[in-house]
Amino acid sequence: MSKATPTQLTADEFERQYLGKPVELIRGEVHKTMPAGEEHGEVAARIGVRAGFHALQHKLGKVYIAEPGFVLSTAQGESIRAPDFAFTRAERAPQERSRRFSRTVPDLVLEVVSPSDTPEAVQDKVQEWLEAGVLVVWVADPERRVIEVYRADGTKQTLTVQDTLTGEPVLPGFQLPVSEVFE
């Protein structure tokens, strides 16, 4: 692939230059990322560890943590995004491991809102995941103590500490009380 403009990179060009560095590719442009705070890491772990254990225990598919890069292709261009947690169903998961960014879009991703995230940036990321083919996006917001669930069918659900996060239809049988995420 060739560059769309002198300032834009393709996923392949980005990977050659930035693999392992604290940046993301967003529609061809390089954006710096900063390490998140303690609360962010704890919330991501509370959800990711439980969801990941469930997926592995029931042999449902592959689990990804530690902000792995996924190549997303949308009408607006190529991006490489790094969710806090991702899951790909067994029937779609790559059979071999790669040191490169994954070209298989996950079925489910978790994004934990950081203090520096704007609502617009979070919505942009959610829409990009969905446009690329992700079926379910969980957005955990520690400040508001809610988890928003976005689905590919266009529905959105806001869960509070009185509710239970489920993995349906992507991660069958998974349940986690939201109160346990934010305790």
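Glu 128 is buried (under 20% relative accessible area; exposed is over 50% and partly exposed in between, with a 1.4 Å probe and protein chains only), its relative accessible area being 2%. The views below come from a predicted model, in which local features need pLDDT of at least 70, side-chain atom pairs count only at pLDDT 80 or more, and totals for chains, interfaces and linings use all residues. Residues are numbered from 1 along each chain as its sequence is written, and side-chain values use heavy atoms, with hydrogens and water left out.

**View A. Arg 81 and Glu 128 form a salt bridge.** The closest N and O atoms of this pair are 2.8 Å apart (a salt bridge is a side-chain nitrogen of Lys or Arg within 4 Å of a carboxyl oxygen of Asp or Glu). Arg 81 lies in strand 5 and Glu 128 in helix 3, so the contact ties together parts 47 residues apart in sequence. Helices (H or I, at least four residues) and strands (E, at least two) are DSSP runs, numbered from the N terminus.

**View B. Arg 81 also forms a salt bridge with Asp 124.** Here the closest N and O atoms are 3.6 Å apart. The pair joins strand 5 (residues 77-81) to helix 3 (residues 119-132), and so ties together parts 43 residues apart in sequence. Arg 81 is buried at 3% relative accessibility, whereas Asp 124 is partly exposed at 29%.

**View C. A network of salt bridges links Glu 24, Arg 27, Arg 81, Asp 124 and Glu 128.** The search of the whole structure finds 16 salt bridges.
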